[in-house]
Amino acid sequence: MNNITYQACIDACLACVAACRHCASACLREDDVAHMKDCIQLDMECATLCDATAAILSASGRQAKEMAALCADICDQCGAECERHQHDHCKACAEACRICAEKCRAVTAAETRTSIAIR
């Protein structure tokens, strides 16, 4: 696997972790916290999965492709939820999620090309 592809994904995952944690924290300070509950939940799930994906990729783990694919999916979900809100922290989180999903898909695409070439 191309270390540059992994590193770009790791960096995007870690940036997404920070954005999601900030977003969840900021959502908890909004006037209508109940309205933000889905955003907060997805922020926490996304941050956790992005953190785990960065760790697996850093270790060149055997499940890198699967983790990256799962991470892209949760980033899509979290980003879509954040886009529903007009708060700056939600907009920033949605953008971090979009970038992370893109970088994770680059890993899955590269892994797929590598496994096809080996066969």
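Student: Which residues in α2 meet which residues in α3?

Tutor: On the α2 side, D38, C39, L42, D43, E45, C46, L49, C50, A52, T53, I56 and L57; in α3 they meet A64, M67, A68, L70, C71, I74, C75, Q77, C78, E81 and C82. Contact here means heavy atoms within 4.5 Å. This is a predicted model, where local features need pLDDT of at least 70 and side-chain atom pairs count only at pLDDT 80 or more, while totals for chains, interfaces and linings use all residues. Numbering starts from 1 along each chain as its sequence is written, and side-chain values use heavy atoms, with hydrogens and water left out.

Student: Why is α2 called roughly antiparallel to α3?

Tutor: Their axes cross at roughly 155°, and angles over 145 degrees count as roughly antiparallel. So α2 is roughly antiparallel to α3.

Student: What makes α1 roughly antiparallel to α2?

Tutor: Helix α1 (residues 3-27) and helix α2 (residues 37-58) pack at about 155°, with axes 8 Å apart. That angle makes α1 roughly antiparallel to α2 too.

Student: Which hand does the crossing of α1 and α2 have?

Tutor: Left-handed, meaning the near helix is turned anticlockwise from the far one by less than a right angle. α2 also passes α3 in a left-handed crossing.

Note on methods:
Axes are lines fitted to C-alpha atoms, for helices over the stretch in contact, and angles run from 0 to 180 degrees between N-to-C directions. Helices (H or I, at least four residues) and strands (E, at least two) are DSSP runs, numbered from the N terminus. Angles under 35 degrees count as roughly parallel, over 145 as roughly antiparallel, 65 to 115 as roughly perpendicular and the rest as oblique.
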